[in-house]
Amino acid sequence: QFHMIKHEDLTWRESLGQGSFTHISRGSKTDQWDGVTHSTEVLLKVLDANHKNCWESFFEAASLMSQISHKHLLLVYGISVHKSKNIMVQEFVKHGALDLYLKRSTSVSVSWKLDVAKQLACALNFLEEKNIAHGNICAKNLLLAREGDPSADNSPFIKLSDPGISMALLGKDVVLDRIPWVAPEVLDTLEIELECDKWSFGSTLWEIFNNGEAPLQGLDPIQKQQFYEHFSNLPALEWTELADLIIQCMQYQPELRPSCRSIIRQLNSLITSDYEILHATGTHPK
Ligand SMILES: N#Cc1ccc(Nc2nc(N)cc(-n3ccc(CO)n3)n2)cc1
């Protein structure tokens, strides 16, 4: 159910680091269109050889992204299998993962962050309407296609990356490490439902408004598990309306979490709220 790319049509350039069980490189792929050779810049995501048994899940993630298309979902060109290497060929997204971008950037405005949050909510709404759960929403899996430049009055543009290997295959230690992005109920079922993505959205909102700092980063897996056992919440942001939205998304009872439409509505009211003007101008609304 997706395009197979010949290994000889791929060119490998510099390594760009690694995700979980994969490593990524910049590269290019060549295509023949009516006899003309085209070269496209791509991101090559290779499944680690020591996780070969996960290749089905790795490609299932790729095929999920290939079956649906939306402006805020990453484009996956196809896959390539060569000797023992399983390769997912993705569109190259110019500015890479959002968590690193936020950690490196100093002057990211509140309206920039709200814009990114709304784009993610729209991607989730699209998936919700198709009854598709992503299962790995976090700032590391948000890719920044356009930085947005306030002076040039253009806004950021993000793409949601593939979910990667399913947690059912990843083992308990990886699932614990994904606290607080992974919804609490997943620790028991290892099943991903739509409501799980709303929990993860709340955790990702917290990351975005804490400049890419990972929530609970100082805790070890046992302490992370206790965070759920004690029904704890993340430290509240100063902006109470935004803190409220995070709390709504991170309800321990899945059915109490808001719909994507409600999330989008609440983000819209935050975007137009006085607080936004206050943040933008640093003055108190009259
Ligand atoms: N310096 C730098 C730099 C690094 C990467 C890109 N581009 C890109 N394009 C994709 N399609 C996916 C990714 N990812 C990055 C982490 C993950 C894990 O999910 N993906 N990065 C652009 C600049």
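Reply: H1 gives four residues to the lining of the second largest pocket, the largest share. (Helices, H or I, of at least four residues, and strands, E, of at least two, are DSSP runs numbered from the N terminus.) The model is predicted, and local features need pLDDT of at least 70, side-chain atom pairs 80 or more, while totals for chains, interfaces and linings use all residues. Residues are numbered from 1 along each chain as its sequence is written, and side-chain values use heavy atoms, without hydrogens or water.

Helix H1 spans 55-67, and both it and helix H4 (167-170) contribute at least two residues to that lining. The second largest pocket has a volume of about 360 Å³. Its lining is made up of 18 residues, and those closest to the pocket centre are Glu60, Ala133, His134, Ser166 and Ile192. (On a 1 Å grid over the protein atoms alone, a pocket is an open set with protein on both sides within 12 Å along at least five of seven lines, a cavity is a set where a 1.4 Å probe fits but cannot get out, and lining residues have an atom within 4 Å of a point. Points are joined across faces, edges and corners, and a volume is the space filled by probe spheres set on them.) By class, this lining has nine nonpolar, six polar and three charged residues (Ala, Val, Leu, Ile, Met, Phe, Trp, Tyr, Cys and Pro are nonpolar, Asp, Glu, Lys and Arg charged, and the others, Gly among them, polar).

The largest pocket has a volume of about 1,100 Å³. It is lined by 47 residues, and Gln18, Gly19, Ala97, Lys140 and Asn141 are the closest to its centre. Strand E1 (10-18), strand E2 (22-33), E3, E5, helix H2 (98-104) and helix H5 (172-177) each give two or more residues to this lining. H2 gives the most, with four residues. The lining of the largest pocket holds 21 nonpolar, 14 polar and twelve charged residues.

The largest pocket is also where the ligand sits (more than half of its atoms lie within 2 Å of the grid points). There are 15 residues around the ligand, and Lys45, Gln90, Glu91, Val93 and Asn141 come nearest (near requires a heavy atom within 4 Å). Strand E3 (36-47) and strand E5 (85-91) each supply at least two residues of this shell. The shell divides into seven nonpolar, five polar and three charged residues.

- The side chain of Gln90 has an N or O atom 2.9 Å from a ligand nitrogen.
- Glu91 uses a backbone N or O atom, 2.8 Å from a nitrogen atom of the ligand.
- The side chain of Asn141 places an N or O atom 3.2 Å from a ligand oxygen.

The largest cavity holds about 50 Å³. Its lining consists of Trp199, Phe227, Ser232, Asn233, Leu234, Ile246, Ile247, Met250 and Tyr252.

Two backbone details remain. The peptide bond from Ile179 to Pro180 is cis, with omega near 10°. Pro180 belongs to the loop between H5 and helix H6 (186-189), and H5 is one of the elements that give residues to the lining of the largest pocket. Asn211 has a phi near 50°, a positive value in a residue other than glycine. Asn211 is placed in the loop between helix H7 (194-208) and helix H8 (221-229).

Notes
Polar contact = N/O pair within 3.5 Å; in protein donor to acceptor, adjacent residues only side chain to side chain.
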